[in-house]
2 protein chains.
Amino acid sequence: MAERLVVIGGDAGGMAAASQARRRNPDLDIVALEKGNWTSYAACGIPYFVGGDVSDLDDLVARTPQEFRDHQRIDVRMQHEVRSIDLQAGKVEVHDRARDRTINLSFDQLHIATGARPMRPDIGGIDLPKVMGVQTLDDAEAIVARAHMTDCRHVTVVGGGYIGLEMAEAFCRWGAEVTLIEATSQVMRTLDSDIAAKVASAIRGFGVDVRTDLPVTGFEDGVVHTTEGEHHADLVVLGMGVTPNADLAADAGLDLGPRGSILVDRRQRTSVDGVWAAGDCASSFHLLTQEPVHIALGTVANKQGRVAGVNIGGGYATFPGVVGTAITKICALEISRTGLTEHEAVEAGFEYDVATLDTSTIAHYMPEAEPMTIKMLAERGSGRVLGAQIIGGRGAGKRIDTVAMALHAGLDTQQVIDLDLSYAPPFSGVWDPVQMVARRLLRGD
Amino acid sequence: MAERLVVIGGDAGGMAAASQARRRNPDLDIVALEKGNWTSYAACGIPYFVGGDVSDLDDLVARTPQEFRDHQRIDVRMQHEVRSIDLQAGKVEVHDRARDRTINLSFDQLHIATGARPMRPDIGGIDLPKVMGVQTLDDAEAIVARAHMTDCRHVTVVGGGYIGLEMAEAFCRWGAEVTLIEATSQVMRTLDSDIAAKVASAIRGFGVDVRTDLPVTGFEDGVVHTTEGEHHADLVVLGMGVTPNADLAADAGLDLGPRGSILVDRRQRTSVDGVWAAGDCASSFHLLTQEPVHIALGTVANKQGRVAGVNIGGGYATFPGVVGTAITKICALEISRTGLTEHEAVEAGFEYDVATLDTSTIAHYMPEAEPMTIKMLAERGSGRVLGAQIIGGRGAGKRIDTVAMALHAGLDTQQVIDLDLSYAPPFSGVWDPVQMVARRLLRGD
């Protein structure tokens with residue numbers, strides 16, 4: 001009998017692995033179990049579906065279950081939810097939701113890609129149906145259906161991270177009045193407070209009522225209670241971050257890593273032989289702090305899935321680690337970061353110099369020039385670049401890739417200044433903003 | 001008496017050096033001689049002045065002569081043209097054009113930043129007043145004045161390089177009918193022919209009559225003669241490339257490098273002690289071919305000028321070399337390149353693999369997604385990235401910086417795939433196009 005690989009989870013971390021394993025090993029029997037209704041989708045596209053930029057959820061799907069079956073001989077089973085993993089026996093217990101029956105499936109190799117779910121802290125009423133998280137396309141369908149169903153005039157977003165801000169903007173575009181409530185003193189805690197303040201100001205300008213330092217104390221139907229009174233809300237969207245779906249793995253006895261993620265090594269091996277994990281449910285590795293870390297991003301899930309699949313299929317591949325790169329667009333503002341913020345640098349034990357530069361996205365004399373701000377950190381002494389944050393108009397955000405590469409290559413500020421980057425007036429000044437801020441760091445220019 | 005530095009040329013290569021030298025050595029007597037009317041300007045902005053995006057030439061000036069005098073004690077003398085250099089005596093002979101007198105100026109150190117000039121091959125009539133090159137702000141003034149003066153309905157651009165294409169578009173925007181005549185089989189010989197064909201198609205779509213394989217045989221007033229008949233032209237713009245202004249240096253006996261540029265070492269020293277050069281008149285160094293090269297770009301001029309100035313001022317700095325990065329925007333199309341084209345790779349003795357990918361600038365399901373094409377070369381065997389060319393809609397061009405950095409860092413295609421680049425649907429697919437083409441190169445994905 002052929003060796004069987006069971007994959008739990010039909011999104012990037014699972015299906016990239018299944019595809020690579022198939023490519024390496026044509027004889028493998030591959031069964032992929034997805035509890036929902038979609039495979040290989042771009043969850044990051046959900047706010048653009050809610051906001052109306054994307055009209056059809058199918059547009060967010062890279063490959064359908066049928067395509068996996070037809071082109072890669074992967075036995076994808078939808079509405080199949082794994083209830084438990086028996087590592088000793090090499091079996092998973094699966095609930096077939098459509099037929100409401102339970103089956104047991106044996107495996108030789110197991111790949112866990114169960115993703116993450118929106119955090120739901122222990123606040124009264126957080127499990128009410130109108131308090132909704134956003135993680136899967138099923139969530140996206142449900143949230144838009146509910147918004148249409150109810151006379152949804154006012155939406156409250158709880159939590160000011162990427163997804164919270166993106167959903168706040170999306171519901172503004174959708175036509176609702178939106179309040180965003182953040183328990184801490186700033187939105188986007190992945191940015192330093194000075195940069196985050198500019199984000200808050202931009203989204204306020206777009207019409208979102210942003211309230212910081214305002215912990216939520218409870219939910220009731222139509223009401224969000226906070227430490228400073230209550231807010232009416234026809235719909236509540238949770239944007240308090242995500243937590244790895246690692247319960248199955250934990251119950252099976254696999255070792256866990258940061259934030260309760262499934263701990264994996266650089267080949268995506270878990271603590272048990274023949275069991276792999278990838279994506280939002282798994283740990284990752286930060287190249288600057290040299291520590292395991294949990295990063296729930298589609299780029300990481302795709303890379304880890306590929307690595308797992310190559311290894312499962314008998315090849316050799318390693319996940320290279322992350323440097324903490326992220327980007328988003330809130331209203332007309334592009335926001336990106338990589339490496340360490342000031343807070344993270346301190347936590348990691350680095351001493352650093354920091355510089356912030358207010359400049360323009362392209363040559364200042366061009367009519368399309370817009371403001372941009374770039375902040376950069378470099379290690380004291382060595383001058384090695386430790387991170388950057390960018391906020392600004394069109395063309396600002398993707399410049400973070402230059403800094404991300406500098407982190408990968410371990411460049412110092414002088415080496416950044418030395419780079420032969422592209423220049424023409426519709427794209428930048430003669431010194432790219434990344435080089436200008438490096439100059440300021442190095443020499444106080 | 002204070003040591004005197006004489007700088008020939010008031011644009012980036014000269015004034016960046018003067019500024020750095022002043023910063024390092026407050027006692028230096030610095031005299032900068034500029035034959036024209038402008039200092040420290042963005043010549044790359046000229047097409048946008050002609051096209052009407054930039055209304056005032058002063059907007060293209062980073063620092064005026066008076067600012068250099070007031071803030072940096074640099075004795076900038078405009079309309080001062082150096083006629084000869086006497087290295088033995090340590091003197092330059094200068095023609096003060098405003099007063100029409102000749103003076104002799106002694107120097108302890110000499111920095112030559114005489115720039116480049118549009119090529120004027122030996123074709124009958126090429127020196128007619130209506131056959132104009134574009135290099136300095138004085139040229140820009142003259143060309144716009146002449147266009148206004150004459151009833152300029154038809155402009156012929158001779159030569160399809162960056163400046164030729166940019167000027168063709170600019171004169172279209174200005175309201176003229178434009179013919180672009182290129183002697184070889186393709187525009188933009190700095191690109192491979194497949195990519196260049198897309199550029200030609202775009203600029204034709206914009207309304208420019210592009211004629212390739214059509215050598216010009218002569219100019220007369222109002223007429224351009226070619227091997228296949230004549231073209232009416234109220235104004236002719238030369239876009240046949242530039243040649244270094246190295247005559248002064250050559251006459252003084254300095255060694256020359258590629259294309260007749262002034263040969264310099266990595267500290268910007270010429271072949272004679274105490275004599276320096278930087279910018280469009282000087283040689284550069286290509287990090288991939290490991291050969292001296294001549295690159296006339298503002299980025300190089302600024303970097304080289306700084307390096308020269310630091311060294312002149314008693315510090316230590318080296319020019320890091322180039323990887324051949326360039327970018328432009330023609331009509332709505334962003335075009336960029338770095339490293340080696342196929343032709344250049346062959347010439348440099350590399351064997352290579354090549355892949356071309358047609359994709360979209362951002363996530364394909366977003367309404368603002370536009371087509372983009374990226375072509376990448378990697379060394380056979382090692383997989384080391386050798387170069388890339390990009391053409392596409394908004395957001396395509398600047399991605400070349402990621403590849404430029406890969407060249408600096410010597411990354412292979414797997415290392416490019418491993419990079420933690422930024423992703424969100426308004427910016428890219430989950431795999432950045434640079435990584436997608438690297439995947440295709442590596443594994444045929």
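Let me begin with the place where the two chains meet: in this predicted model, 100% of the interface residues of chain A are also interface residues in chain B, so the copies meet through the same surface. The contact itself takes 46 residues from chain A and 46 residues from chain B. If you want to find this surface on the chain A side, look for helix 8 (298–312), strand 21 (326–330) and helix 10 (400–409) of chain A, which are the elements that give two or more residues to the side touching chain B. Helix 10 of chain A gives the most, with seven residues. Sorted by class, the side of chain A that touches chain B has 27 nonpolar, twelve polar and seven charged residues.

How, then, can chain A be laid on chain B? It takes a turn of 180° and a shift of 0.0 Å along the axis, and the RMSD is then 0.0 Å. That is the relation of a two-fold axis.

Let me now turn to a single chain, and take chain A. There are twelve helices and 25 strands in chain A, and its C-alpha atoms fill a box of roughly 70 × 55 × 40 Å along the principal axes. For a chain of 445 residues, a compact globule would have a radius of gyration near 22 Å, and chain A, with 23 Å, agrees with that.

Within chain A, the domain assignment gives domain 1, which is written as 4–49 + 59–115 + 243–312, then domain 2 (120–238) and domain 3 (334–443). The centres of domain 2 of chain A and domain 3 of chain A, taken over C-alpha atoms, are separated by 31 Å. Even so, there is contact, with six residues of domain 2 of chain A meeting nine residues of domain 3 of chain A. On the domain 2 side of that contact in chain A, there are three nonpolar, one polar and two charged residues.

Strands of a sheet pair through backbone hydrogen bonds, and they do so either parallel or antiparallel.

The sheet I take up now is an open one in chain B, made of three strands in the order 4-5-6, with antiparallel pairing. Strand 4 (80–86) and strand 6 (101–106) of chain B stand at the edges, each with a single partner strand, so one side of each is left without a neighbour in the sheet. Neighbouring strands of this sheet are turned by 25° against each other on average, if direction is ignored. Between strand 5 (residues 91–96) of chain B and strand 6 of chain B, which run antiparallel, there are six bridges, and across this pair you can find Glu93(B) opposite Asn104(B) in strand 6 of chain B.

The other sheet in chain B is again open and built from three strands, this time in the order 13-14-15, and its pairing is antiparallel. Which strands form its edges? They are strand 13 (216–220) and strand 15 (229–232) of chain B, each of which pairs on one side only. The twist from one strand to the next averages 20° here. Strand 13 of chain B pairs with strand 14 (residues 223–226) of chain B over four bridges, in the antiparallel sense, and a residue to look for is Val216(B), which stands opposite Thr226(B) in strand 14 of chain B.

Methods:
Residues numbered from 1 in each chain as written. Chains lettered and ligands numbered in written order. Predicted model: local features only at pLDDT ≥ 70, side-chain atom pairs only at ≥ 80, totals over all residues. Domains from an automatic or database assignment. Contact = placed C-beta atoms within 7 Å. Nonpolar A, V, L, I, M, F, W, Y, C, P; charged D, E, K, R; others polar. Least-squares fit on C-alpha atoms with pLDDT ≥ 70 in both. Pairing = 2+ DSSP bridges. Axes fitted to C-alpha atoms, helices over the stretch in contact; angles between N-to-C directions. Rg over C-alpha atoms; globule rule 2.2 N^0.38 Å.
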